[in-house]
Amino acid sequence: MSTISYAVIGGGINGLAVARQLLLDYPDAKVSLFEKESSVAQHQTSHNSGVVHAGLYYAKGSLKARLCRRGVKLIREYCTVNNLPYDPCGKLVVALNEVEEKRLQALYQIALDNEVPKVKMLYGDEIKTVEPNCIGIAALHSPETAIVDYGVIAQFIAQEIVELGGSIQLSSEVHSLTNENGKVTVTLQSGVEHAKQFDYVVCCSGLQSDRLAVSSGDIKTPKIVPFFGQYFVLDDQYTREVKGLIYPVPDPEYPFLGVHFTKRIDGKMTIGPNAFLSAARENYDGKGFSFKDISDYLCFGGFWRFFSAIYPPHYVSPKRCSASRVLLTRQPSTFLRCAI
Ligand SMILES: Cc1cc2nc3c(=O)[nH]c(=O)nc-3n(C[C@H](O)[C@H](O)[C@H](O)COP(=O)(O)OP(=O)(O)OC[C@H]3O[C@@H](n4cnc5c(N)ncnc54)[C@H](O)[C@@H]3O)c2cc1C
């Protein structure tokens with residue numbers, strides 16, 4: 001019997017987790033992971049908030065809710081077994097007025113439906129028993145929401161893949177995939193002479209997924225529209241003022257979680273993010289600029305529909321401010337409202 005071969009495209013946490021699981025489930029299989037950068041986890045995986053979300057927001061029975069709860073269990077086990085940092089620092093979602101409190105009650109019901117452990121509602125001064133410097137009329141407390149370093153976890157998984165006999169091909173950007181005679185040809189940017197054939201391919205190419213789909217003959221949508229967010233890092237002397245994670249109640253009108261305090265696994269405390277339309281997809285310092293990335297979304301009808309939905313005309317004053325300034329003024333006010 002010939003060995004089944006799998007290619008996984010993308011060395012972020014998703015691609016790495018898929019490759020590892022394939023090797024565990026099919027120890028005889030040949031598993032090759034292709035990553036365009038010179039090391040793994042250079043993109044979203046090492047530029048996120050590091051929160052192991054507990055399932056406070058996802059509708060009961062939805063795939064997101066089930067995956068989130070299962071993911072918490074798996075990631076906690078993985079960190080425990082491998083001695084990787086996992087800090088169940090807890091999270092508060094804080095309501096500042098009655099409208100928000102009503103939304104918070106709905107979140108509480110979702111959290112109960114999703115069997116998020118030990119969640120409870122706190123009122124008035126009860127909030128201070130968890131976060132002494134936090135004020136609000138009500139808060140949802142999830143004491144087991146945790147933080148990790150996904151970049152570190154990804155590096156650990158990469159090491160495990162190699163130990164299990166898989167291969168990780170770095171600096172190997174995949175250009176396209178072609179299906180022929182029951183095999184998939186993986187062609188690299190470096191040219192057809194480096195093309196390889198596999199029985200199955202799993203794509204986990206993050207922010208480039210839509211482009212890989214198109215260059216492999218798939219349709220042009222959905223398309224990725226990049227947003228960029230900044231986080232402030234608090235001075236060390238203030239980090240102890242906040243113990244864990246503090247979030248505002250999400251506003252259903254906006255597709256963001258709102259400005260929040262996030263404890264990091266290295267002990268630092270961040271506040272953010274704001275959100276700007278980004279001038280490049282892989283733009284982590286805010287200085288990136290790519291004509292290709294910008295023209296891609298400007299020429300995409302879906303972007304304009306999204307844009308008009310989140311910036312309704314009554315909200316934007318064309319005379320006085322650009323869309324990004326609206327966000328700038330909006331987000332810090334959210335921050336101030338939830339600030340200590
Ligand atoms: C600001 C921010 C905060 C977040 N906070 C959280 C959080 O607190 N908790 C949480 O659970 N999630 C959070 N997320 C989401 C989480 O970070 C992502 O869902 C996750 O990292 C996605 O992993 P990935 O492997 O799919 O993508 P990525 O980490 O982006 O990896 C994709 C990889 O594919 C490679 N690649 C792309 N194209 C090709 C190609 N053609 N050939 C070869 N390689 C290619 C890239 O180089 C990259 O390494 C956050 C995300 C952001 C942006």
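Colleague: How many residues of domain 1 are in contact with domain 2?
Modeller: Four residues of domain 1 touch five residues of domain 2. This is a predicted model.

Colleague: And what classes are on the domain 1 side?
Modeller: Three nonpolar and one polar. No charged residues sit on the side of domain 1 that touches domain 2.

Colleague: Where do the domains run in the chain?
Modeller: Domain 1 takes 5–49 + 151–215. Domain 2 takes 51–148 + 230–274 + 300–338.

Colleague: How far apart are their C-alpha centres?
Modeller: 31 Å, from domain 1 to domain 2.

Colleague: Switching to the ligand. Which residues are closest?
Modeller: Gly10, Gly12, Asn48, Ser49 and Gly206. In total, 30 residues surround the ligand.

Colleague: Which helix gives the most to that shell?
Modeller: Helix α1, residues 13–25. It contributes three residues to the shell around the ligand.

Colleague: How does the shell split by class?
Modeller: 18 polar, eight nonpolar and four charged residues.

Colleague: Now the whole chain. How many helices and strands?
Modeller: Eight helices and 18 strands.

Colleague: What does the radius of gyration say?
Modeller: The protein chain has 22 Å. A compact globule of 340 residues would be near 20 Å, so the value agrees.

Colleague: What box do the C-alpha atoms fill?
Modeller: Roughly 65 × 55 × 40 Å, along the principal axes.

Colleague: What share of residues is buried?
Modeller: 29% of the 340 residues.

Colleague: And the contacts, how many join residues at least 24 apart?
Modeller: 69%, counting contacts between residues at least 6 apart in sequence.

Conventions: Residues are numbered from 1 along each chain as its sequence is written. This is a predicted model: local features need pLDDT of at least 70, side-chain atom pairs count only at pLDDT 80 or more; totals for chains, interfaces and linings use all residues. A residue is near a molecule or strand if its C-beta atom, placed from the backbone, lies within 6 Å of it. Helices (H or I, at least four residues) and strands (E, at least two) are DSSP runs, numbered from the N terminus. Ala, Val, Leu, Ile, Met, Phe, Trp, Tyr, Cys and Pro count as nonpolar, Asp, Glu, Lys and Arg as charged, and the others, Gly among them, as polar. Domain bounds come from an automatic or database domain assignment. Two residues are in contact if their C-beta atoms, placed from the backbone, lie within 7 Å. The radius of gyration is taken over C-alpha atoms; the globule rule is 2.2 Å times the number of residues to the power 0.38. A residue is buried if 20 or more other C-beta atoms lie within 10 Å of its own, exposed if 12 or fewer, and partly exposed in between; C-beta atoms are placed from the backbone.
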